[in-house]
Amino acid sequence: MNYNIKNGMLHLMIDKETNLADLLESFCISRKNRYLLTSEHKLLLNGEPVKNTDVTMVRNDRLSFILDHYEPDYRPDDRECTVVWEDELLYIVSKPAGIIVHDEHDSLANQAARYLINHDIKAPVRYIHRLDRETTGLIMFCKMPLFQAYFDKQLEERKITRTYLAIVKGKGKAHQKYTFNENIGADRHNNNLYRVSKTGKQAITKAEILEVKDDLLLMKCRLLTGRTHQIRVHLSYHGFPILNDALYGVPSTKIRNMGLWAYQLEFVHPFTNKKITVRDNDNPDFKLFAER
């Protein structure tokens, strides 16, 4: 479908015969929100309020949502976040090392609030996933709370692909591939640490060695689950400690930050159904290897 936002309304141009209730369900819009949309006359079909969502739409019909206006619900920071990709529904942010995703102040969410204010975007701060404090890379934010559940489900069903690069110490050959599937749980003896544990939660990481440089390896990692510290724990457990990972890795003066970078996101856009691939801005630490 094509779509646009005009005069505070989201317009979807229907491109094939579609049941409205099925479409709303595919957007993961809850029954409560569907009821509110119809009872408050915020859902229009060809300009007329929808009373019953069990109707069939045809090609060239126009479905419109009257959008609620919000203010950022985090205290704005003095500086805004760095946005690397954006449309009317989403913005994807490059998180630097040393900052957490959300807190009352000095967090990425506070910088996102400043970004929304600076660009006159009437939306709350809604991040879809998180990164550890020292991990750099991409985080997705949703501008429209009505559609946030769609991305939450996409993440849960592993349809948002998060790809990382890691600089590790270890031995191996280029193009070697691994599947790490050890369960991960909290370390009972050390707060804020995690470890491989038979009683932990399922954790699956796909990894591949891209390049070898002396005793260092550049590895590409893809998460199939989203456990806390998952890549860091799995790589360390298998003899690939990440450089400058203070919890599980090894110190190094060859790079400035922790050698873990969430450099790519792939997802399907709910309106256009097109696959979108977003890559982060350059990361100076990873100049140690050939550019990827």
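Helix α5 (residues 230–237) is largely enclosed by the rest of the structure, because six of its eight residues are buried; buried means under 20% relative accessible area, exposed over 50% and partly exposed in between, with a 1.4 Å probe and protein chains only. This is a predicted model, in which local features need pLDDT of at least 70, side-chain atom pairs count only at pLDDT 80 or more, and totals for chains, interfaces and linings use all residues. Residues are numbered from 1 along each chain as its sequence is written, and side-chain values use heavy atoms, with hydrogens and water left out.

**Overall picture**

- The protein has five helices and 18 strands; these are DSSP runs numbered from the N terminus, with helices (H or I) of at least four residues and strands (E) of at least two.
- Its C-alpha atoms fill a box of roughly 65 × 40 × 40 Å along the principal axes.
- Of the 292 residues in the protein, 50% are buried.
- Among contacts (heavy atoms within 4.5 Å) with a separation of 6 or more, 65% are between residues 24 or more positions apart.

- In α5, the buried residues are Q230, I231, R232, V233, H234 and L235.
- G239 follows α5 and has a positive phi, near 85°.
- Helix α3 (residues 108–118) has eight of its eleven residues buried, so α3 too is largely enclosed by the rest of the structure.
- Those buried residues of α3 are L108, A109, N110, Q111, A112, A113, Y115 and L116.
- The cover over them includes β8 (82–86), β9 (90–95) and β10 (136–142).

**Nonpolar cores**

- A nonpolar core is a set of buried Ala, Val, Leu, Ile, Met, Phe, Trp, Tyr and Cys residues joined through side-chain atoms within 4.5 Å.
- In soluble globular proteins, nonpolar side chains tend to be buried together.
- The largest core here has 35 residues, and L12, L63, F65, M140, F147, F151 and F267 touch the most other members.
- A second, separate core of 34 residues includes F180, L217, L223 and L235.
- Setting aside residues up to four places away in sequence, F267 touches W85, L90, I92, M140, F151, K159, I160, K274, K275, I276 and V278.

**Strands and sheets**

- An open sheet is formed by five strands in the order β1-β2-β7-β4-β5, with antiparallel pairing; two strands pair if DSSP finds at least two bridges between them.
- The edge strands of this sheet are β1 (2–6) and β5 (48–49), each of which pairs on one side only.
- Within the sheet, β4 (residues 43–45) and β7 (residues 62–66) run antiparallel and are joined by three bridges, and F65 in β7 is the bridge partner of L43.
- Elsewhere, β12 (residues 177–180) runs antiparallel to β15 (residues 205–213), with four bridges between them.
- The covered face of β12 carries Y178 and F180, while K177 and T179 lie on the uncovered one.
- In a regular strand the side chains alternate between the two faces of the sheet.
- Opposite K177 stands E208 in β15.

**A cysteine to find in the model**

- C28 sits in the loop between α1 (20–26) and α2 (31–39).
- Apart from its neighbours within four places in sequence, C28 is in contact with A149, Y150 and K153.
- From C28 to L217 the C-alpha to C-alpha distance is 41 Å, and the two are 189 residues apart in sequence.
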